[in-house]
Amino acid sequence: MQIRAPYLDPVRVGETSGNLRCRCCGRPDGVVVRCLPDGRWYDGADETWRDGRGRRVPWPEATEYAATTDILVSVEALRITRSAVERVRLLCNRCRRLEGAVHGRACARISILLRRAIGDLFLGRYDDPAVLTALMDLYRKDG
């Protein structure tokens, strides 16, 4: 048995691409997966339908099955470097986009809070009507 570091959990050295699966939803790498619009997908290895988190779900109705799309899944390593120990996670295209959206929203929130703090520092509270006139005066001086 090979001993691995716990922060390299999903990465297995020497494994073929077909054995890799997404850490979040369990989609296999390099396989065309049939997906429904609500996020369910067909797992050919287990011959069952799964939801977006990889759990088994009931088979779709015939009317739902008509709206399926075929998607090629590629599982790649996503490195999380802002932690004390560099971690690696294997994620498919869908889960990588979802992870990026969460990260983007967090960065946008931090940016907004920083701008608000700088505005409060120099101009005072934003709900004060005099702040709007001070901002307009600053804008007119620059232009």
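## Close-up views of a predicted protein model

The structure holds eight salt bridges, a salt bridge being a side-chain nitrogen of Lys or Arg within 4 Å of a carboxyl oxygen of Asp or Glu. This is a predicted model, in which local features need pLDDT of at least 70 and side-chain atom pairs count only at pLDDT 80 or more, while totals for chains, interfaces and linings use all residues. Residues are numbered from 1 along each chain as its sequence is written, and side-chain values use heavy atoms, with hydrogens and water left out.

**View 1. The whole chain, to get our bearings.** The protein has three helices and seven strands, where helices (H or I, at least four residues) and strands (E, at least two) are DSSP runs numbered from the N terminus. Along the sequence, they follow the pattern β-β-β-β-α-β-β-β-α-α. Of the 143 residues, 23% are buried; buried means under 20% relative accessible area, exposed means over 50%, and partly exposed lies in between (1.4 Å probe, protein chains only). The protein exposes about 10,600 Å², and carbon and sulfur atoms supply 57% of that area, as computed by the Shrake-Rupley method with a 1.4 Å probe. Now count the contacts (heavy atoms within 4.5 Å): among those with a separation of 6 or more, 40% are between residues 24 or more positions apart.

View 2. Start with D43 and R21, which form a salt bridge whose closest N and O atoms are 3.5 Å apart. This pair links distant parts of the chain, with D43 in strand β2 (residues 41-43) and R21 in the segment before β1, 22 residues apart. D43 is buried, at a relative accessible area of 2%, whereas R21 is partly exposed at 34%. Look next for D46 and R50, whose side chains meet in a salt bridge at 2.5 Å, N to O. Here D46 is partly exposed at 40% relative accessibility, and R50 is buried at 11%. Through shared partners, salt bridges join R21, D43, D46 and R50 into one network.

View 3. The side chains of E64 and R40 meet at 3.0 Å, N to O, in another salt bridge. Because E64 lies in helix α1 and R40 in the loop between β1 and β2, the pair ties together parts that are 24 residues apart in sequence. E64 is partly exposed, at 33% relative accessibility, while R40 is buried, with a relative accessible area of 12%.

View 4. The structure holds three aromatic pairs. For W49 and W59, the ring centres are 6.4 Å apart and the planes stand at 75°, so this pair is edge-to-face. Rings of Phe, Tyr and Trp (its six-membered ring) pair if their centres lie within 6.5 Å; planes under 30 degrees apart count as stacked, over 60 as edge-to-face and the rest as tilted. W49 sits in strand β3 (residues 48-50) and W59 in the loop between β4 (56-57) and α1 (62-65), so the pair ties together parts 10 residues apart in sequence. W49 is buried at 2% relative accessibility, but W59 is exposed at 53%. Ring pairs also bring in Y42, linking Y42, W49 and W59 into a cluster.

**View 5. The largest nonpolar core.** This core has 12 residues in all, including L20, C22, V33, C35, W41, V75 and L91. A nonpolar core is a set of buried Ala, Val, Leu, Ile, Met, Phe, Trp, Tyr and Cys residues joined through side-chain atoms within 4.5 Å. β1 and β7 (87-91) each supply at least two residues of the core. C22, in the segment before β1, is buried with a relative accessible area of 5%. Leaving aside neighbours within four places in sequence, C22 is in contact with R27, V75, L90, L91, C92 and C95. The C-alpha atoms of C22 and E76 are 8.3 Å apart, although 54 residues separate the two along the chain.

**View 6. A buried arginine without a salt bridge.** R27 is found in the segment before β1 (32-35). R27 is buried yet has no salt bridge, and the nearest side chain of opposite charge, D38, is 8.8 Å away. For charge, Lys and Arg count as positive and Asp and Glu as negative, while His and the chain ends are not counted. Beyond neighbours within four places in sequence, the contacts of R27 include L20, C22, C35, W41, V73, V75 and C92.
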